[in-house]
Amino acid sequence: MARKDTAENSANPGRLKQIALTYKMTRRVDPKVGLVVAGVGIVTFGVFLAIGFLIGHPIYLGILGFLLAFLAMAIVFGRRAERAAFGQMEGQPGAAAAVLQNVGRGWTTTPAIAMNRSQDVVHRAVGRAGIVLVAEGNPNRVKTLLAAEKKKMARVAVDAPVHDIIVGNDEGQVPLKKLRTTMTKLPRVLTGPQVTQTNDRLRAMGDLMSNMPLPKGPMPKGMRMPRGGKMR
């Protein structure tokens, strides 16, 4: 019992420290986050307390208002923190993959299934909506990567629809901060077993990282990569 209490006490400072770090990071991008969150809490609590006085139950409504105010503050803070994090990641290589990793349950993400020399990259996510190819990089160059990957997906997973998304702020693109919302709004057309079957087929096909030839053991000193890309 004592060990359990000790573990809980040691975990609480970690959570509080994480919240404090998140708040500092968010405040650098969104200086008004503290005022907004506090305002939401005060208004929510004040409304319920006023209703409590009107109906003659200020204590009960006050307690309920306090709990709902805390919940509203947490929701608002979470959204603004997420928006700030997306703002810092935007434009950095691999930002879309980081968002895909946190889309939610039911999605299997494979980053960097295709890449060119300019570091334009295509990621893949598989879920109830089918296969979603998410590209980041130069729009003109990345369309070629998307077209090639869509042909592969059509050959391997015949029953799964294939969606393509280009991350960016231009017309026809999806901003990074709206990527997760766009993914979750896609219509769900596959069943659980179909999603598993699609993942198995794609896993058997392999991807860029698994198909990349790497030498076994440490690389000898002085060895250079030849122009053809194969080790000798």
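Leaving aside residues up to four places away in sequence, Glu149 touches Ile113, Ala114, Val122 and Leu133 (contact means heavy atoms within 4.5 Å). The model is predicted: local features need pLDDT of at least 70, side-chain atom pairs count only at pLDDT 80 or more, and totals for chains, interfaces and linings use all residues. Residues are numbered from 1 along each chain as its sequence is written, and side-chain values use heavy atoms, with hydrogens and water left out.

**Glu149**
- Glu149 lies in helix 5, residues 139–156 (helices are DSSP runs of H or I with at least four residues, strands are runs of E with at least two, and both are numbered from the N terminus).
- Glu149 has a relative accessible area of 5%, so Glu149 is buried (under 20%; exposed is over 50% and partly exposed in between, with a 1.4 Å probe and protein chains only).

- Four strands form an open sheet in the order 1-2-3-4, with mixed pairing (two strands pair if DSSP finds at least two bridges between them).
- Strand 1 (108–115) and strand 4 (162–167) are the edge strands, each pairing on one side only.
- On average, neighbouring strands of this sheet are turned by 25° against each other, direction ignored (axes are lines fitted to C-alpha atoms, for helices over the stretch in contact, and angles run from 0 to 180 degrees between N-to-C directions).
- Six bridges link strand 3 (residues 130–136) to strand 4 in the parallel sense.
- Ile131 stands opposite Val162 in strand 4.

**Helices on the sheet**
- Helix 5 packs on the sheet and touches strand 1, strand 2 (121–127), strand 3 and strand 4. The direction of helix 5 makes about 160° with that of strand 3.
- Helix 7 (residues 192–205) also packs on the sheet, touching strand 1, strand 2 and strand 3. The direction of helix 7 makes about 145° with that of strand 2.
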